[in-house]
Amino acid sequence: MSDAPSPHLAAYEVVIRPNRSWLSIDWRALFEFRDLLVLLVRRDFVSKYRQTVLGPAWFVLQPLLTTVVFTVMFNQVARISTDGVSPTLFYLCGLLGWNYFSQNFTVAAATFTTNSALFSKVYFPRLLVPLSIVISNFAAFALQLATFFAFYVGFKLAGTGGNTHLSWAAALLPLLVLQTAAISLGASLWMAALTAKYRDLTHLIPFIIQLWMFASFVIVPLSAVPAKWQWVAQFNPMASVVEAFRFSLLGVGTLTPVSITTSALITLFMLFSGVFIFQRTERTFIDTV
Amino acid sequence: MGQPVIEVRNLSKLYRLGAIGASSLRESVERLWLRWRRSGKGVALPGPSYRLSPEQRGTDPNTFWALKDVSFDIRPGEIVGIIGQNGAGKSTLLKILSRITEPTAGQAILRGRVGSLLEVGTGFHPELSGRENIYLNGAMLGMRTNEINRKLDEIIAFSEIEDFVDTPVKRYSSGMYVRLAFAVAAHLEPEILLVDEVLAVGDAAFQKKCLGKMDDVAKHGRTVLLVSHNMIAVQSLCPRVICVGGGRITADGPAAEIVQDYLQVLRKDTGIALDQRIDRAGDGTARIVSLKIESATGGAVHSSSPLKVTIGYRSDKALRRPKFTASIYNVNDTGIFALDSDAAGGLPETLPAMGEVTCVTEPINLTAGRCFMNVTLLKGGVVADYIPQAGVFDVESEDFFGSGKVPGRDWVLCLLKNQWEARSS
């Protein structure tokens, strides 16, 4: 035998050493475990459907029930404007992006705490877990989008939809969904890293979700906010996502080029900083279990 | 010969004590506050725990080196056993090599695909069918989907569950579950296989199959690193053994020799020296100087082991109306047992000024995991000496019910043998 390593062995050389860098991401491992991502998505999917009585019907029912509650509480009782649109369509549309975000956030933020037993026994890039949640939740989003269109067509035919039209921006819907996924991933990676270190922060998650929903104009349209304060909303990327959903599907909403750019930049920042802090946490997370 | 397949150089791992359980934001703030206040004042923080040689202590009193400057080479095709006592650093070493956690210093180079088997059936999902779980579990262990496609028939045949492969595994009997889990693991074909004590799970037939498969793996020129408390398994499987103690390699060589020496050291071991500990309370008229926690039946402490606790003490004069207590608690500070010499009875009214007392328990029936022990010595009802976290021991998993299925510490603390029967009504 020669001293040169065989090409076969050299191909798989793994060097383990303390890694102090914030920016190192193990792209190769992510690529090598790509099949696991597919299987995790499948697992999330199957386990969610098989364990419930109504199965996927929940994803249709949940926003409908929320819409009924919002319509009664905020529209009928509190008389909050819905931008001249039928309250049903207004809330259903606002909930589209919001529900996708909040479902991703609540589950993915608990990545470390719910998987600690698994993570202490086997190595794979931990990033695959939140990623698989965001991908598998997309199915629920698609169902809710279909529900929305069914109602949209129904209201149009009955002529009770209010002043709405599908705008040219509806073509950009895929981009909007991608941005929602990115925001939720970024936020949940941060939260996952923080709850791994400080368990008590888990109790904050429902509260954050609630507060964030009010700040994202799901219930009250941004147009109801005094004009001189509207600029504040652009620092919450979910606010412009919700407004953009309404703009593209109903033709109402308050969007400016500046607010779109700001929210896109903040989204990118959240996503990348989230990935880095998550990667840093995953390397020694198991020492604190 | 070519390059070593595993090259470990000065691998070290520093752990923080006291933060073993989940930390809270409040603790972090307190720690920061203390560190800030401490400059010069020498506030004594809760002391370090067990078996720490001076060089094992970190510069911060709250840290210790679980591994310190560990170096070794393993050549392709070698099967190496790693042995050592509780807390010696074996598991830490395996966790670093399988990339579950990172070292604090040093490095390890692994030349080849690594498969680690720290548990059988990792990530099995009860709602998924046997077939789906084969794919999921295989992928977690590092197999590609097409690789599993190729081996699927073989895996199913090996597991002997052909008829149930499309049934959710939650409907499996425990035997079927373990067979399937092991079938997946057995078909993992990495160049380097890291195995932790999986031999302790499952029935005798399963263990035999497992041993046979490991032998097979070796014959195919792959490299195996096996951590085990089972000296017989280690000796029969591994030509070479590395013994770890106090975070360092204490011996490395032919299995028979190293195991022999190790067992001898075990017998001579006097336990944990406690006389240097400063974090103690009591009037000091008598001191606890050593503590030894072991299985009363020898070997490692398993779920069904009776415990033998030996406490050494020293005093100026004979002890009148002595009472020893040893309380056992888990990482969350939840009390599990109190061994109390008064409650149990049996100690004489007066003890000599220097000596040791031994307490032997019934089988502990605890799930696998870490336990801590506080010890107290009272004289005539007054605390003479008290040492918090005087000792630590790990309960190793075993096939408690003989069914291959054992609940884990993440679910319950204690195990209870039980029988079920059904009647028609």
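Helices here are DSSP runs of at least four residues and strands are DSSP runs of at least two, numbered from the N terminus. The model shown in these views is predicted.

**View 1. The elements of chain A in order.** Starting at the N terminus, chain A runs α-β-α-α-α-α-α-α-α-α-α-α-α. This amounts to twelve helices and one strand.

**View 2. The extent and packing of chain A.** The C-alpha trace of chain A spans about 85 × 45 × 40 Å along its principal axes. Chain A has 289 residues, and 39% of them count as buried. Of the contacts in chain A between residues at least 6 apart in sequence, 82% join residues at least 24 apart.

**View 3. The contact of chain A with chain B.** Chain A contributes 38 residues to the contact, and chain B contributes 45 residues. On the side of chain A that touches chain B, at least two residues each come from β1 (13-16), α3 (34-50), α7 (116-119) and α12 (257-284). The most come from α3(A), which gives seven residues. Sorted by class, this side of chain A holds 19 nonpolar, seven polar and twelve charged residues.

**View 4. A strand pair across the two chains.** β1(A) is joined by four bridges to strand β4 of chain B, residues 105-111. The two strands run antiparallel. Within this pair, I16(A) has A108(B) of β4(B) as its bridge partner.

**View 5. The two domains of chain B.** Domain 1 of chain B covers 71-267, and domain 2 covers 272-395. Their C-alpha centres lie 35 Å apart.

Note on methods. Residues numbered from 1 in each chain as written. Chains lettered and ligands numbered in written order. Predicted model: local features only at pLDDT ≥ 70, side-chain atom pairs only at ≥ 80, totals over all residues. Domains from an automatic or database assignment. Buried ≥ 20, exposed ≤ 12 C-beta atoms within 10 Å, placed from the backbone. Contact = placed C-beta atoms within 7 Å. Nonpolar A, V, L, I, M, F, W, Y, C, P; charged D, E, K, R; others polar. Pairing = 2+ DSSP bridges.
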